[in-house]
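Subject: Structure for you to look at

Hi,

Here is the structure I promised to pass on. Please open it first, then read my notes below.

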Amino acid sequence: MVMNKQIAQISARIKELREILDVTPEHAAKQVGIDVDTYMTYETGEADIPIGVLYGLATEFGVDPTVLLTGDMPRMDDYTIVRKGQGIKVERYAGYSFQALAFNFKHRDMDPMIVTLSHTDEAELIFHGGQEFNYVLEGTVKVVIGKREFSLDAGDSIYFNPVFPHGQRAVTPVAKFLTVINE
């Protein structure tokens, strides 16, 4: 398996923090609600790490999620500006990437991101706490929440409870949406 370089770096940061904090893999897995075997596939970079797991581990380790994504601490207290194309870019897997837009703001309550999707037949389902808002910028996005599916075009939005398994996929060759997650 060819490991995505960004995922490998995030996995290495997770492992390093876990070891520094003297947390066992079993405890970390339990804290984010997954079994230890699944946790280890994330920590070794064998599998993509769902955003909910990243947030949960950041909380467990007492760091901002930006630390796991970039290795750096956010620096801004009053405001932060991200110029066009300058957000932290992460390719979660082939056909799914996001650009974090508030990564440099300390103690944020929301994480706005631009997600770019390539057409796929299935949406990868994840779940996490908080609330989530998606606003389609271009193309058509199929949003799956539990057993329901919604087709959203540019200009459409959805606000939902992300504790239910959910995912998005591009219906058109490429689709982009703004997501704001409050965890």
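Is E91 buried, partly exposed or exposed? E91 is partly exposed because its relative accessible area is 37%. For these words, buried means under 20% relative accessible area, exposed means over 50%, and partly exposed lies in between (1.4 Å probe, protein chains only).

Two notes on the source. This is a predicted model, in which local features need pLDDT of at least 70 and side-chain atom pairs count only at pLDDT 80 or more, while totals for chains, interfaces and linings use all residues. Residues are numbered from 1 along each chain as its sequence is written, and side-chain values use heavy atoms, with hydrogens and water left out.

E91 sits in strand 1. Strands (E, at least two residues) and helices (H or I, at least four) are DSSP runs, numbered from the N terminus. Contact means heavy atoms within 4.5 Å. Setting aside neighbours within four places in sequence, E91 is in contact with N4, Q6, I7, Y96 and S97. V115 is 24 residues from E91 in sequence, and their C-alpha atoms are 9.7 Å apart.

Q99 belongs to strand 2. Q99 is buried, at 14% relative accessible area. Its side chain reaches the backbone oxygen of G85 at 3.4 Å. That is a polar contact: a pair of N or O atoms within 3.5 Å; within protein, one must be able to donate a hydrogen and the other to accept it, and residues adjacent in sequence count only if both atoms are side-chain atoms. Beyond four places in sequence, Q99 touches several residues, including Q86, K89 and M113.

F105 lies in the loop between strand 2 and strand 3. F105 is partly exposed, with 22% relative accessibility. Among the residues it touches, beyond four places in sequence, are D64, P74 and Y79. D153 is 48 residues away from F105 in sequence and 30 Å away in space, C-alpha to C-alpha.

Helix 4 (51-61) is mostly covered, as eight of its eleven residues are buried. Among these are I51, L54, Y55 and F61. G62 follows helix 4 and has a positive phi, near 70°.

In a regular strand the side chains alternate between the two faces of the sheet. Strand 7 (residues 157-160) has I158 and F160 on a covered face, and S157 and Y159 on an uncovered one. Strand 7 runs antiparallel to strand 4 (residues 131-138), and four bridges join them. Two strands pair if DSSP finds at least two bridges between them. Y135 stands opposite S157.

**The cavities**

Rolling a probe the size of a water molecule over the atoms shows where empty space is left. A cavity is a set of points, on a 1 Å grid over the protein atoms alone, where a 1.4 Å probe fits but cannot get out; lining residues have an atom within 4 Å of a point. Grid points are joined across faces, edges and corners, and a volume is the space filled by probe spheres set on the points.

There are three cavities of 30 Å³ or more.

Best wishes

Note on methods
On a 1 Å grid over the protein atoms alone, a cavity is a set of points where a 1.4 Å probe fits but cannot get out, and a pocket is an open set with protein on both sides within 12 Å along at least five of seven lines; lining residues have an atom within 4 Å of a point.
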